[in-house]
Amino acid sequence: MSTSWSTLCAAEDLPDGEARAFEIEGARLCLVNDAGSYFCVDDLCTHGKAYLSEGYCDTEDCVLECPLHGGLFDYRNGEACGEPAEKPVKSYAVRVADGHVQVQL
């Protein structure tokens, strides 16, 4: 596992309650801003092969909903928490440094 941090965006560029896709080092990631706390998971649903960043982001229940079949994933840890999704998506460590959101791949 890498110990280096890669910048995804300025923290102010991702509004509260939104999820957005980023591609970095060959990985497509989904970054979520939940009231100034940032979370990052793989963007590809493990069930239907759709992008989670294109689905619904529910910060009240801390889930991303896949736009294809409605599977739910906890964006804090990647766990599948709603059928038909059964396999988790990978989650990544995130930090904010000098106003920029960074992920550790």
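Partly exposed describes a residue whose relative accessible area falls between the buried limit, under 20%, and the exposed limit, over 50%. The legends below refer to a predicted model, in which four salt bridges are present.

**Close-up 1. The salt bridge between R76 and D74.** The closest N and O atoms of R76 and D74 are 2.7 Å apart.

**Close-up 2. The salt bridge between E54 and R28.** In this pair the closest N and O atoms are 3.8 Å apart. E54 is placed in the loop between β4 (37–42) and β5 (56–58), while R28 belongs to strand β3 (residues 27–34), so the contact ties together parts that are 26 residues apart in sequence. With a relative accessible area of 55%, E54 is exposed, whereas R28, at 23% relative accessibility, counts as partly exposed.

**Close-up 3. The network of R28, D43 and E54.** Salt bridges that share partners join these residues, R28, D43 and E54, into one network, and the pair of E54 and R28 is itself linked by a salt bridge.

**Close-up 4. The salt bridge between R20 and E18.** The closest N and O atoms of R20 and E18 are 4.0 Å apart. R20 counts as partly exposed at 29% relative accessibility, and E18 likewise counts as partly exposed, at 36% relative accessibility. Side chains of opposite charge can pair when their charged atoms come close.

Note on methods: Residues numbered from 1 in each chain as written. Predicted model: local features only at pLDDT ≥ 70, side-chain atom pairs only at ≥ 80, totals over all residues. Heavy atoms only, no water. Salt bridge = Lys/Arg side-chain N within 4 Å of Asp/Glu carboxyl O. Buried < 20%, exposed > 50% of the residue type's maximum accessible area, 1.4 Å probe, protein only. Helix = DSSP H or I, 4+ residues; strand = E, 2+ residues; numbered from the N terminus.
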